[in-house]
Amino acid sequence: MKYLFVILFFTTSFSFAFQKDDPKKVNSTIKVSGVCEMCKSRIETGTIKLKGVKYANWEIISNNLSLIYNSSKIKLDSIKKKIASLGHDTDKFKANLDVYESLPECCHYKTASPH
């Protein structure tokens, strides 16, 4: 048992010693317009499918999309363009009106009352 503990201790310590922060890994939060669980699913699924995006979590109340992505594989503007192509406005890119209007009625944030 003592040997098992020693082996686990050194293995864990050794692996942590070699983990380095990836300078290309970027944490970012952006505003994305939406109002419901269907919006949440669409925004997160569409974003996480992008090459280089590792994490996407959109909060309904705050409209904040938290991201972790590899900046050598994708740029933040490309992520924002993709989100706009799904029918959701960002601070820099607006959704195409035809795409927005094709969203389910519950997802129409431009006519929704504020929370």
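## Cysteines

The model, a predicted one, has zero disulfides by the rule used here, where a disulfide is a pair of cysteine sulfur atoms within 2.5 Å. Cys36 is in no disulfide. Its nearest cysteine sulfur belongs to Cys107, 3.5 Å away. A disulfide is a covalent bond between the sulfur atoms of two cysteines.

Cys36 is buried, at 14% relative accessibility. Cys106 is partly exposed, at 41% relative accessible area. Buried means under 20% relative accessible area, exposed means over 50%, and partly exposed lies in between, with a 1.4 Å probe and protein chains only.

## Basis and confidence

Residues are numbered from 1 along each chain as its sequence is written, and side-chain values use heavy atoms, with hydrogens and water left out. Local features need pLDDT of at least 70, side-chain atom pairs count only at pLDDT 80 or more, and totals for chains, interfaces and linings use all residues.

The mean pLDDT of the protein is 85. Of its residues, 78% reach 70 or more. Over residues 3-19 the pLDDT is below 50. Beyond near neighbours in sequence, that stretch has zero contacts in the model. Here pLDDT is the predictor's confidence in each residue, from 0 to 100, and contact means heavy atoms within 4.5 Å. Where pLDDT is low, the predicted coordinates should not be read in detail.

## The sheet

Three strands form an open sheet in the order β1-β3-β2, with antiparallel pairing. The edge strands are β1 (25-31) and β2 (53-58), each pairing on one side only. From one strand to the next, the twist averages 15°. Strands (E, at least two residues) and helices (H or I, at least four) are DSSP runs, numbered from the N terminus. Two strands pair if DSSP finds at least two bridges between them.

Seven bridges join β1 to β3. Within this pairing, Asn27 stands opposite Ile68 of β3. β2 pairs with β3 (residues 64-70) over five bridges, again antiparallel. Val53 faces Tyr69 of β3, and Asn57 has Ser66 as its bridge partner in β3. β2 and β3 form a hairpin with five residues between them. In the turn, Asn63 has a positive phi of about 60°.

## Helices across the sheet

Helix α2 (residues 37-48) lies across β2 and β3. It runs at about 170° to β2. Helix α3 lies across β1, β2 and β3, at about 130° to β3. Axes are lines fitted to C-alpha atoms, for helices over the stretch in contact, and angles run from 0 to 180 degrees between N-to-C directions.

Glu44 sits in α2. This residue counts as buried, at 17% relative accessibility. The Glu44 side chain reaches the backbone nitrogen of Trp58 at 2.8 Å. That is a polar contact, a pair of N or O atoms within 3.5 Å; within protein, one must be able to donate a hydrogen and the other to accept it, and residues adjacent in sequence count only if both atoms are side-chain atoms. Leaving aside neighbours within four places in sequence, Glu44 is in contact with Ala56, Asn57 and Trp58.

Tyr69 lies in strand β3 and is buried, with a relative accessible area of 7%. Tyr69 and Ile79 are 10 residues apart in sequence and 9.5 Å apart in space, C-alpha to C-alpha.

Lys80 is in helix α3 (residues 76-85). Is Lys80 buried or exposed? Lys80 is buried, at 7% relative accessible area. Leaving aside neighbours within four places in sequence, its contacts are Ile30, Thr90, Asp91, Lys92 and Phe93. Phe93 is 13 residues from Lys80 along the chain, and their C-alpha atoms are separated by 6.5 Å.
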